[in-house]
Every structure is written in C-alpha cells, then in structure tokens.
Amino acid sequence: MDFSGMPHHGGTPAPELGEDFSATAGEPLADGVTVANDEAVIEAMKTVFDPEIPVNIYDLGLIYGFKIDDRGGVKADMSLTAPGCPVAGDLPGWVADAVAKVDGIGEVVVTLVWEPGWTPERMSEDAKLALGMM
C-alpha cells in the first residue's frame, strides 16, 4: 500500500507540546450518577475529526486506550499522525470536550503519547476504505 497520500506522518514529539501534554474537561460526577460505558465514550470520540483527514480520530487509530473509573472519570491516551500536525495542541482538547459531554462521564484527561509512534496500520478497516487504502 502507498501511504504517501496521508497529509502528514512522523514519530517524534513536537518540542512545543512536550512529553506530557494533556487536556482536561468536565467535572467530577455527583454521587449516585450512573457511569457511562465504553461504547458511549467511543461514540463521543468518533465525533472528533482531524481537519486534514476525513476520518474520525478513533477510526484513525489515534486513541491508544482509555479507562473509565468508578466515578465516571476518563483517562485517555492518544497520539497524532505527526507531531507537526497543525491542530496538535487542539485535538486532545476536542476529544476531552466531546467525551465530557457524555451523560455519566465526569472529569476527562486526554494525554498525548508518542510511543509507539502512530502508523497507518493502526487505522480501522472503515478508515482505510474511506481513504482508498484497501
């Protein structure tokens, strides 16, 4: 497969973002509120798009993992297709905001990680189809 059509790709962190760049949104849940499930969080993540690629960040494989605690707090690790991405400083905040809007979710922390580096193999089959890579 030829991945040269991807707008950007790389594996080293952007110096201005540092190693531990993160974004937060939301507030702790009140006692007694039912905590949302993984599917609701994934659906919220799928509403966020890298403006240069017409595929959501979840299907692009940019979300490396997330956990929901028993109080509805979410901690997520994500990467970028390249550290030089023009919205590198914005995407984690967009993800945090989208997830924080889910009923049953409290405080959300999205941290950029750079290891392992993102590769097109992380994309879902739907993303590859959408980008004409299959």
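Predicted model: local features only at pLDDT ≥ 70, side-chain atom pairs only at ≥ 80, totals over all residues.
Let's start with the strands. Helices (H or I, at least four residues) and strands (E, at least two) are DSSP runs, numbered from the N terminus. Two strands pair if DSSP finds at least two bridges between them. Strand β1 (residues 22–25) runs antiparallel to β4, and four bridges join them. With β3 (residues 74–78), β4 pairs in the parallel sense over five bridges; here M78 has L112 as its partner in β4. To get from β3 to β4, the chain passes through helix α2 (residues 91–100), and this β-α-β crossover is right-handed (with the strands pointing away from the viewer, the path from the first strand over the helix to the second runs clockwise).

Now look along β4 itself. In a regular strand the side chains alternate between the two faces of the sheet. Buried means under 20% relative accessible area, exposed over 50%, and partly exposed in between (1.4 Å probe, protein chains only). V108 counts as buried because its relative accessibility is 1%. Contacts of V108 (heavy atoms within 4.5 Å), not counting residues up to four places away in sequence, are A23, T24, A25, V74, A96, V99 and A100.

What about charges? A salt bridge is a side-chain nitrogen of Lys or Arg within 4 Å of a carboxyl oxygen of Asp or Glu, and the count comes to one. R71 forms a salt bridge with D31, with the closest N and O atoms 2.6 Å apart. The pair links distant parts of the chain, 40 residues apart: R71 lies in the loop between β2 (63–68) and β3, and D31 in the loop between β1 and α1 (38–45). R71 is partly exposed at 39% relative accessible area, whereas D31 is exposed at 67%.

Finally, the charged end of R122 sits over the ring of Y64, 3.8 Å from its centre (the rule asks for NZ of Lys or CZ of Arg within 6 Å of the ring centre and within 35 degrees of the ring normal).

Notes: Residues numbered from 1 in each chain as written. Heavy atoms only, no water.
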